[in-house]
Amino acid sequence: MEITVWQAAAKGAPLERSKATLLDPGPDEVLLEVLHCGLCHSDLSMLENAWGVSTYPLVPGHEVVGRVAAVGAGVDSGLLGTTQGLGWIAGSCRHCDWCLGGNANLCPSLEASVVGRHGGFASHVMAHQDWIVPIPDGVSPADAGPLFCGGITVFAPLFDEAVSPTARVAVIGIGGLGHLALQFARAWGCEVTALTTSLAKADEARRLGAHRVMALSELGSHPGAFDLVINTSNHALDWPVLIASLAPLGRLHQLGVPLNPLQIPAFPLIAGRRSVTGSPTSSPASLRRMVEFCARHGIAPLVEHLPMAEINTAIARLHQGDVRYRFVLDGPA
Ligand SMILES: [Zn+2]
Ligand SMILES: [Zn+2]
């Protein structure tokens with residue numbers, strides 16, 4: 001079938017509306033008609049080929065909310081017409097140790113939604129049935145897209161790591177990821193601190209769930225303050241001070257990707273059994289638990305809607321950091 005896509009012809013090129021051909025869904029595949037798609041920083045990285053995995057023409061978009069328009073063999077036809085979410089991962093092998101162990105997001109042959117295939121800035125997108133996520137009552141489909149990449153990225157450090165509700169959690173960065181991390185950590189029951197370079201966002205951080213807001217520059221005066229620091233920032237930080245802010249058994253969870261390697265002193269890791277971790281989105285089961293958790297606690301991304309035809313405006317403004325906190329582009333493409 002012929003579909004509409006918004007594609008970049010080459011590295012750094014603007015997106016242009018174009019046509020593409022999509023085969024019918026194969027076994028275990030689902031075709032989604034795109035209703036809404038969030039714009040994530042990873043889309044910018046893909047457009048710039050920052051990770052060396054981009055192929056052009058490139059159709060970005062991996063925070064999709066869509067309606068099931070067709071299903072392949074082996075897929076329950078009852079899914080037709082339902083509204084589903086789709087994030088960074090669109091398929092996995094289903095039979096490696098990681099898939100069988102419930103960690104399909106660690107599958108060595110997983111298929112990313114925007115690597116070697118059309119993403120969600122399109123009229124339609126294809127996914128493996130394991131990776132679509134039903135949207136429960138209480139979650140607005142129009143605003144839900146950013147949950148499926150940004151949301152799960154910050155839910156995983158709490159849920160997948162079984163963080164205690166008594167934990168003292170700090171979130172660095174109040175942006176696309178951080179504004180959701182604050183909401184999740186608060187609903188989790190944790191004591192929540194927002195760490196920011198811009199205290200101008202302090203009131204908003206409190207509304208999002210922070211018990212207190214602290215300038216990053218003050219961190220040095222708070223050794224041992226946190227059991228978990230979720231770092232959404234891409235910037236180089238004072239790593240020794242950050243590690244010193246962890247309590248014994250504390251953990252720095254890295255989600256932002258700074259340009260240079262992290263310079264971490266070894267002794268505080270040894271003496272206090274502190275650790276540094278990271279995670280890539282999460283499993284299909286965690287995605288489902290996440291949206292249920294959002295419905296129960298009224299957690300939602302704060303989004304700015306634009307029609308999909310204004311995708312290049314959204315990209316330009318995201319480059320400048322001019323969005324609170326996520327763009328959602330609305331179909332039809
Ligand atoms: Zn696998
Ligand atoms: Zn993303």
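## A buried aspartate and a partly exposed asparagine

Aspartate 28 has a relative accessibility of 19%, so it counts as buried; here buried means under 20% relative accessible area, exposed means over 50%, and partly exposed lies in between (1.4 Å probe, protein chains only). You can find aspartate 28 in the loop between strand 2 (15-21) and strand 3 (29-39). Helices (H or I, at least four residues) and strands (E, at least two) are DSSP runs, numbered from the N terminus. The phi of aspartate 28 is near 70 degrees, a positive value in a residue other than glycine.

Asparagine 49 also has a positive phi, about 50 degrees, although it is not a glycine. Its place is the loop between helix 1 and strand 4, and with 27% relative accessibility asparagine 49 counts as partly exposed. Most residues other than glycine have a negative phi, and most peptide bonds are trans.

## About the model

This is a predicted model, in which local features need pLDDT of at least 70 and side-chain atom pairs count only at pLDDT 80 or more, while totals for chains, interfaces and linings use all residues. Residues are numbered from 1 along each chain as its sequence is written, chains are lettered from A and ligands numbered from 1 in the order in which they are written, and side-chain values use heavy atoms, with hydrogens and water left out.

## The chain as a whole

Let's step back to the whole chain. The chain has 10 helices and 17 strands. Its radius of gyration is 20 Å, close to the 20 Å that the globule rule gives for 333 residues, so the chain is as compact as a globular protein of that length. That radius is taken over C-alpha atoms, and the globule rule is 2.2 Å times the number of residues to the power 0.38. Along its principal axes, the C-alpha trace spans about 60 × 40 × 35 Å.

Of the 333 residues, 53% count as buried. Among contacts in the chain with a separation of 6 or more, 66% come from residues 24 or more positions apart, where contact means heavy atoms within 4.5 Å.

How many of the 10 residues of helix 4 are buried? Nine of them are, which leaves the helix mostly covered. Among these buried residues are Ile152, Thr153, Ala156 and Pro157. The cover over the buried residues of helix 4 includes helix 5, strand 13 (226-231), strand 14 (246-254), helix 9 (284-297) and strand 17.

Now look at one pair. The axes of helix 4 (residues 150-159) and helix 5 (residues 178-188) come within 9 Å and cross at roughly 35 degrees. Such axes are lines fitted to C-alpha atoms, for helices over the stretch in contact, and angles run from 0 to 180 degrees between N-to-C directions. On the helix 4 side, the residues that meet helix 5 include Val154, Phe155 and Leu158, and their partners in helix 5 include Leu180, Phe184 and Trp188.

## Two cis peptide bonds

Which peptide bond has omega near 0 degrees? The bond from tyrosine 56 to proline 57 does, and it is cis. Proline 57 lies in the loop between helix 1 (41-47) and strand 4 (64-71).

A cis peptide bond also joins glycine 331 and proline 332, with omega about 5 degrees. Proline 332 sits in the segment after strand 17 (326-330).
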